[in-house]
Amino acid sequence: MRRAYFKFSWIAAVLLAPQLMIIFVFFYWPSAQALYWAFTLEQPWGGGNTWVGFENFANVLSDPYYWGSVRVSVIYAVATTILAMGMALILALFADRQLAGYRAYRIGLIWPYAVAAPAVGLSFQFVFNPGAGIFSYLNTLSPGVWDPSVYPWQAIASIVIAGAWKQVAYSFIFFLAALQAIPRSLSEAAVMDGARPLRRMIDLQLPLLTPTFFFLLVINITDSFTDSFGIVDTLTGGGPFRSTDLMVYKIYTDGFQSLDYSGAAAQSIILMLLVMALTFVQFRYIERRVHYT
Amino acid sequence: MNRTMTSVAALGLALMGSAAAAEKVKFEYWYGLTGDLGAVVLETCNRFNASQAEYEAVCVGQDGYEKAVQNTIAAFRAEKHPTLLQSFDAGTADLMLSGEFYPVTQLMADTGVTVDWSDYFPGIANYYSSSKGEFFSMPWNSSTPVYYFNKDHFAKAGLTEAPLTWEGMEAALVKLKESGQACGLAYAPSSWIDLEQFSMAHNVPVASNNNGYDGLNTELLYNTTLHVKHMENIQRWITEGVASIRTAAAGKSARDSFVEGECSVFFSSIADHNTVHKLKPSFAWDVQIIPTYEGVERHNTVVGGASLWVLSGKTPEEYKAAATYLAFLATKEEQQFLLENSGYIPVTKSTYEALKAEGFYSAEPYINRDIAMKSLTFTEPGPLTRGIRLGGMIQIRSEWQSEVEAALAGQKTMKEALDTATSRGNDILARFAKTYEGKSFP
């Protein structure tokens, strides 16, 4: 890999300073604070804290319900990512084919990304509510068959679908941009060789999409670990019986609702390490299969 | 020219306005109540500001009790906190131990504002005061649980009285079912009603150390008391079809199921009395105090709702202003204003007596609302019925809630669920005790 070197320049430093300040104030400082709290027992109203070493981590990691939370977070991340990217890819391939009305689709498909997560959650209440939502029609066929407040898998399915719906738009934009960046000459050459649309997708477009695919995989996985709060909060509240208590949601309830700052700080550190580890694994093992040129 | 004149005049007026406002001592009050009740809080501030010229209450809604506490803590750490905070009981153990508040008894003494503390109902006074009898916070919006029943359904089932015992309640529910009522009791698990108030009324402990009052090394005891049998009974009633689970998460809350005439009975705070009335059910209904089991001597229930805390780090002027506002809220007129616009109950004996003498409680929509007073004052509060003082109460409640829901869904037995909730709650208590090592509730 080529490396570039620059001489130190005061102008560059001054121009960079505001950005660095922002990163420091909104990222490094809070992270350092969380790291400190994770090793102490912090009194919410101030007034002192006690150093406890790794006790907060030991408590969290020895809690079977915490592992349940990790499990469901992983399920949520994997399922949302697969569903969102799969849907986005299909939609992008069709929008790229310039079928009738594709301009309208292209705009319409970008909109969901602009909707705030809690609003998504509330909208999906109208879909999944067992008493009044669209899914309640299932209950008229067979009473009690659909009730996410009773059946954990239905609650998980609800947040996965809502989360994926929100993510589709983001992935769609990138897939579509990548598809449109594929030189027309390649497609034309393939057509000349007699490749039909499906064959061109499989042999030509998809391999050329791998860098985008990889980028979206990393972003989607990270996002579904850290940005699922609004959906869970409005749709299930972590229930029934903790089945949708995702890691971020648990951090919120423990830290802010229950004022257990230290336990929540320890959980944030674990979540941060987990996301970093996952990203590392993706770069280490999946990026090898990605061809950039 | 003309325009310049008007803007100069406007500027002058603005300056005069701000000068007049600057003479008033302002203090901030953050409250948790929302919706109609939030509007009532705001109205009390307007009434206070209109009633005198010295002080101005700046009242800011914080979208729920929990958020009010969270936001105040964040503001406190940045030294931008309000003088007054409306907080619910479960969120105040940390505040009590932090010492960052100004006990209202002391506040009134220091500022020379008079409040007759002995006038407060003992069930309310005990709840909000220290072991030395000093009020920590100012009782304001107070309630206690009752049950609401559909009189028409009861008449159809041949029931003439609202039962006062759980045995009687079970018999009533069976009769309701026999009369063709598909949903008897609309049940929603509530740690406040099913565990805390239930234990008060039965004089059984929720936790050791007299429910946490006597020290921080407290352990939960509710998996060893009558509470277990009670929860097993509720579960059995659901299986037998005389009760059904009605929660907002499952599509319809217990209250909506009751108001729509679908279910005959539901348990809730007396504060819902006003709401149920406003929703205008198409049937006759009434309220009754929560039942107790036969062979148990009934005790008092305790107060729920919220109280007003005065926080540390403010100026004497602000404290004087806050004290005046608190004394204003305690007057009979202001208590009555709250009662007329909500389902809450009076907090002082004199106000209650005066209202009763005026016939307040014998006219609609307030008829029988004071049954809550009967429940609250049934006996003098004893060591186990003063209230509950536990750290991490919000977590303890949510552990109870999750475990009970799991049991009701058939994932485990009720006893196993309560054992798990207790042991997890004990971990929370131990953690809390360690956070505040060497301290004790004042």
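This report describes chain A in outline and then several parts of chain B in a predicted model.

## Basis of the model

In this predicted model, local features need pLDDT of at least 70 and side-chain atom pairs count only at pLDDT 80 or more, while totals for chains, interfaces and linings use all residues. Residues are numbered from 1 along each chain as its sequence is written, chains are lettered from A and ligands numbered from 1 in the order in which they are written, and side-chain values use heavy atoms, with hydrogens and water left out.

## Chain A in outline

Chain A has twelve helices and two strands. Helices (H or I, at least four residues) and strands (E, at least two) are DSSP runs, numbered from the N terminus. Read from that end, the order of elements is α-β-β-α-α-α-α-α-α-α-α-α-α-α.

Along the principal axes, the C-alpha atoms of chain A fill a box of roughly 75 × 70 × 30 Å. The chain has 293 residues, of which 44% count as buried. Buried means under 20% relative accessible area, exposed over 50%, and partly exposed in between (1.4 Å probe, protein chains only). Among contacts (heavy atoms within 4.5 Å) in chain A with a separation of 6 or more, 68% are between residues 24 or more positions apart.

## A sheet in chain B

Five strands of chain B form an open sheet of mixed pairing, in the order β2-β1-β3-β10-β4. Two strands pair if DSSP finds at least two bridges between them. The edges are β2 (55–61) and β4 (138–143); each has a single partner strand, so one side of each is left without a neighbour in the sheet. On average, neighbouring strands are turned by 20° against each other, direction ignored.

Strand β10 (residues 304–310) pairs with β3 (residues 84–88) in the antiparallel sense over five bridges, with B:S87 opposite B:S307. β10(B) also pairs with β4(B), again antiparallel, over four bridges; here B:S142 has B:G305 as its bridge partner. In β4(B), six of six residues are buried.

Helix α14 (residues 316–329) of chain B lies across β1 (25–31), β2, β3, β4 and β10, and runs at about 60° to β1(B). Axes are lines fitted to C-alpha atoms, for helices over the stretch in contact, and angles run from 0 to 180 degrees between N-to-C directions.

## The largest nonpolar core

The largest nonpolar core has 204 residues. Such a core is a set of buried Ala, Val, Leu, Ile, Met, Phe, Trp, Tyr and Cys residues joined through side-chain atoms within 4.5 Å. B:Y29 and B:Y325 have the most contacts inside this core. Beyond its neighbours within four places in sequence, B:Y325 is in contact with residues including B:Y29, B:F27, B:F48 and B:L308.

## Two polar residues of chain B

B:K332 is in helix α15 (residues 332–340) and is partly exposed, at 21% relative accessibility. Its side chain makes a polar contact of 2.6 Å with that of B:E358. A polar contact is a pair of N or O atoms within 3.5 Å; within protein, one must be able to donate a hydrogen and the other to accept it, and residues adjacent in sequence count only if both atoms are side-chain atoms.

B:N211, in helix α10 (residues 208–211), is buried at 0% relative accessibility. A polar atom of the B:N211 side chain lies 3.1 Å from the backbone oxygen of B:L384.
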